[in-house]
Amino acid sequence: MRIVVLAGGIGGARFLRGLKQAAPDADVTVIGNTGDDIHLFGLKVCPDLDTVMYTLGGGINEEQGWGRTDESFTVKSELAAYGVGPEWFGLGDRDFATHIVRTQMLGAGYPLSAVTAALCERWQPGVRLIPMSDDRVETHVAVEVDGETKAIHFQEYWVKLRASVDAQAVVPVGADRAKPAPGVLEAIGEADVILFPPSNPVVSIGTILAVPGIREAIAEAGVPVVGLSPIVGDAPVRGMADKVLAAVGVESTAAAVAEHYGSGLLDGWLVDTVDAGSVAGVEAAGIRCRAVPLMMTDLETTATMAREALRLAEEVRA
Ligand code: GDP
Ligand code: CA
């Protein structure tokens with residue numbers, strides 16, 4: 001079975017670990033979000049690609065959900081001693097090596113997709129990880145500061161400000177001119193099932209869908225498309241997804257997120273058991289819906305979520 005998964009960082013990566021356990025023989029292609037990418041200290045940092053790579057490759061800091069395990073911060077403190085920031089973005093020494101290799105390869109002319117494949121040679125994530133695009137796309141968030149609207153990089157909004165101010169708009173800068181990376185449309189076209197893990201619907205999956213051709217290819221693939229809600233009990237399980245959902249006019253409920261994707265894209269949707277009351281409404285919107293436990297507390301629970309998603313896919317296929 002060929003499965004395509006659109007993934008952000010933590011939510012996507014943890015789900016993928018469960019999917020691999022649930023379907024060990026499946027051929028899984030992950031289309032990763034690169035809208036979170038940022039240049040820091042002259043290096044190209046791809047937080048979501050790395051979270052997927054480290055999580056599946058066994059190098060992730062489990063408690064944090066991002067960054068390397070057994071990490072130290074000597075380089076960062078040495079940079080700080082020179083007064084060189086930003087200090088709000090945590091880059092550890094082990095992690096730095098990844099960004100140095102990536103930046104060096106990009107400088108030598110390799111596209112990001114080839115660089116990602118090379119980095120995965122080391123980590124052996126057990127999936128094919130492809131960035132959504134080789135072209136630069138950077139998510140910016142419009143915020144109001146002292147009565148003036150300004151656009152800031154997504155990481156500044158998310159990590160530095162912790163989404164403490166309202167987002168007026170979320171713009172994937174460059175997406176309109178970006179092309180899907182080699183292999184993205186092919187994987188979608190050859191998929192038996194397409195899954196949306198419980199990743200951020202706006203700044204993770206929404207950004208991937210903003211690359212011209214990807215949304216269309218999924219809608220026209222003619223195979224089941226099933227998503228899992230990142231919103232449980234009317235709030236994000238982790239993070240501040242409610243802030244960016246509000247910016248695109250979507251309520252923070254499992255049902256509203258399903259309707260935001262829409263029946264033109266989604267065939268099936270899983271909500272948590274605490275949101276069982278929203279199942280009928282989602283089905284009325286033309287999306288097959290089931291309520292199952294959606295908290296990724298451990299590998300077995302997460303694998304069960306993946307099995308439920310694959311079961312729902314077979315149900316809509318029939
Ligand atoms: P990010 O790029 O690191 O922010 O990660 P993603 O976009 O892949 O996933 C973020 C989303 O994962 C957040 O909106 C969370 O609500 C959701 N999430 C995290 N843990 C869980 C969980 O255990 N269950 C569910 N249903 N959603 C989760
Ligand atoms: Ca992210």
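User: Which helices each supply at least two residues of the lining of the largest pocket?

Analyst: In this predicted model, they are H1, helix H2 (47-57), helix H4 (93-107) and helix H6 (154-160). Helices here are DSSP runs of H or I with at least four residues, numbered from the N terminus. A pocket is an open set of points on a 1 Å grid over the protein atoms alone, where a 1.4 Å probe fits, with protein on both sides within 12 Å along at least five of seven lines; lining residues have an atom within 4 Å of a point. The largest share of this lining, five residues, comes from H2.

User: What takes the space of the largest pocket?

Analyst: Ligand 1 does; a molecule sits in a pocket if more than half of its atoms lie within 2 Å of its grid points.

User: How many residues surround ligand 1, and which are the closest?

Analyst: Near means a heavy atom within 4 Å. Ligand 1 has 20 residues around it, with Pro198, Ser199, Ser204, Leu294 and Met296 the closest. Helix H1 (residues 10-22) gives the largest share of this shell, three residues.

User: Where are the polar contacts of ligand 1?

Analyst: Look for pairs of N or O atoms within 3.5 Å. A polar side-chain atom of Ser204 is 2.6 Å from an oxygen atom of ligand 1. A polar backbone atom of Gly12 lies 2.9 Å from an oxygen atom of the ligand. For a nitrogen atom of ligand 1, a backbone N or O atom of Leu294 is 2.7 Å away.

User: How are residues and ligands numbered?

Analyst: Residues count from 1 along each chain as its sequence is written, and ligands are numbered from 1 in the order in which they are written. Local features need pLDDT of at least 70, side-chain atom pairs count only at pLDDT 80 or more, and totals for linings use all residues, while side-chain values use heavy atoms, leaving out hydrogens and water.

Methods: Polar contact = N/O pair within 3.5 Å; in protein donor to acceptor, adjacent residues only side chain to side chain.
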